[in-house]
Protein chains: 2
Amino acid sequence: MTLTLHGYWRSGTSYRTRIALNLKGLEYAQVTHDLRKGEQKNAAYTALAPQGLVPALEIGNGVVLPQSVAILEWLEDTHPEPPLLPRDANERAIARAMCATIGSDVHPLNNLRILKYLKNELGQEQAAVDAWARHWIAEGFAALDTMIAAHGAGYAYGATPSLVDCYLVPQVYSAERFGSTLSAYPNLMAAYEKAAAHPAIAAAHPDKQPDAD
Amino acid sequence: MTLTLHGYWRSGTSYRTRIALNLKGLEYAQVTHDLRKGEQKNAAYTALAPQGLVPALEIGNGVVLPQSVAILEWLEDTHPEPPLLPRDANERAIARAMCATIGSDVHPLNNLRILKYLKNELGQEQAAVDAWARHWIAEGFAALDTMIAAHGAGYAYGATPSLVDCYLVPQVYSAERFGSTLSAYPNLMAAYEKAAAHPAIAAAHPDKQPDAD
């Protein structure tokens, strides 16, 4: 099976997906779509991924999986080792809830398309747009810091890398770009530092991708 | 096991969770937190759910699961019948991607807390706030209409209710409140009508909840 990841170096959800692929030890080709130029809306790509968003993972036989949340679950379903979710159903639910704290409540608000709408359609200044991003990051990170204190053990959930790290590391990268004050989240930042140093996670960093500026 | 759902009648994610609980045939108690009054930020509730968001599901022994995405997966893990996701991993990924089209790309942008921020912090008029909501609904529904045409068979995914219906039905309810033009999505609306008529789904409607206005 040949895997091809359609993404963009600086996209948080592409970064999230690269981390999971790397943690599973999978080889994959990368096709880039420059979000700044709107390339993800080109017809050749929307034929594969109708929503015109990155990432999408081609898994062979013409099957294309959009949506990073679904791709990460698919990786866990089809490549169970090493596991990125706990075995116990209740623990798995907590880990997935920690993922969703970023995946549902922070990242969707800070996408490039959202920030563009705030500037262009709603006429907001850059400072207000950055404050918007920092606001939702602060709300989510405060909750996640508490959850990492309760459930982390080196990594954000437990003592080994998990899907939570796949969500956390790109969101901290994004928060740094927006100028968030991260010292308020000591448990979260300790887990981030631990995860970011993992070779498979470090290799997924935007600056290390072939399409980086 | 006694299940207690912390929610709010008009919250889309609470509605989503009620549908899944009903489809699984589970009994549950409901505790309401009036989002208009900010009751979800009361200390008694944030002690259970640190993020101060609804829904959260108390599952016994002091375990509280926040985040509807995680709750729905937990229901599928612990109460596999009737299945709400396909058995095949690739099909399951497509169904989850359809869920995420709403769960990640539409609903997070149209939450009450987001709309309040647009009005209060960014000084937007009600008309601009409603247009914002309709914009993201239109983007997501256009993609989902295509996916339902490809993967639906009466219901949004296949011939039986699935997690996709859990996401779809509350989002259409919300779209109607924002004045979206829904005739542009014939496949999506046919699936919605079919699902909304299902007794377990109909029973989850906001107007039928004990805390409804």
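This is a predicted model: local features need pLDDT of at least 70, side-chain atom pairs count only at pLDDT 80 or more; totals for chains, interfaces and linings use all residues.
Strands are DSSP runs of E of at least two residues, and helices are DSSP runs of H or I of at least four, both numbered from the N terminus. On this basis B:N61 is found in the loop between β3 and β4 of chain B. The phi of B:N61 is near 55°, a positive value in a residue other than glycine.

In chain A, the bond from A:E81 to A:P82 is cis, with omega near -10°. A:P82 belongs to the loop between α3 and α4 (89-103) of chain A. In chain B, the bond from B:V54 to B:P55 is cis, with omega near 0°, and B:P55 is placed in the loop between α2 (43-46) and β3 of chain B. For reference, most residues other than glycine have a negative phi, and most peptide bonds are trans.

Chain A contains an open sheet of 4 strands with mixed pairing, in the order β2-β1-β3-β4. The edge positions are taken by β2 (29-32) and β4 (63-66) of chain A; each has a single partner strand, so one side of each is left without a neighbour in the sheet. From one strand to the next, the twist averages 20°. Strand β3 of chain A, residues 56-60, pairs with β4(A) in the antiparallel sense over 4 bridges. Within this pairing, A:E58 stands opposite A:V64 in β4(A). Helix α3 of chain A, residues 68-78, packs on the sheet and touches β3 and β4 of chain A. The direction of helix α3 makes about 120° with that of β4(A).

In chain B, an open sheet of 4 strands has the order β2-β1-β3-β4, again with mixed pairing. Here β2 (29-32) and β4 of chain B stand at the edges, and each has a single partner strand, so one side of each is left without a neighbour in the sheet. Strand β3 (residues 56-60) of chain B runs antiparallel to β4(B), and 4 bridges join the two. B:G60 stands opposite B:V63 in β4(B). Helix α1 (residues 12-23) of chain B packs on the sheet, where β1 (4-7), β2 and β3 of chain B are touched. The direction of helix α1 makes about 160° with that of β1(B).

The contact between the two chains involves 45 residues of chain B and 45 residues of chain A. The area buried between chain B and chain A is about 3900 Å², and carbon and sulfur atoms give 64% of that area. The count of salt bridges between the two chains is 10. One of the salt bridges is formed by A:R113 and B:E139, whose closest N and O atoms are 3.8 Å apart; the cut-off for such a pair is 4 Å. Across the interface, 14 residue pairs are in polar contact, with both residues at pLDDT 80 or more. On the side of chain B that touches chain A, two or more residues come from each of β4 (63-66), α3 (68-78), α4 (89-103), α5 (107-110), α6 (112-120) and α7 (126-151) of chain B. By class, this side of chain B has 26 nonpolar, 11 polar and 8 charged residues.

Over all chains, the count of salt bridges comes to 20. Side chains of opposite charge can pair when their charged atoms come close. A case within chain A is the salt bridge in which the side chains of A:R96 and A:E73 meet, at 2.7 Å from N to O. A:R96 lies in helix α4 of chain A and A:E73 in helix α3 of chain A, so the pair ties together parts that are 23 residues apart in sequence.

Terms used:
Residues are numbered from 1 along each chain as its sequence is written. Chains are lettered from A and ligands numbered from 1 in the order in which they are written. Side-chain values use heavy atoms; hydrogens and water are left out. Two strands pair if DSSP finds at least two bridges between them. Axes are lines fitted to C-alpha atoms, for helices over the stretch in contact, and angles run from 0 to 180 degrees between N-to-C directions. Contact means heavy atoms within 4.5 Å. Buried area is the accessible area (1.4 Å probe) that two parts lose on being put together, summed over both. A polar contact is a pair of N or O atoms within 3.5 Å; within protein, one must be able to donate a hydrogen and the other to accept it, and residues adjacent in sequence count only if both atoms are side-chain atoms. Ala, Val, Leu, Ile, Met, Phe, Trp, Tyr, Cys and Pro count as nonpolar, Asp, Glu, Lys and Arg as charged, and the others, Gly among them, as polar.
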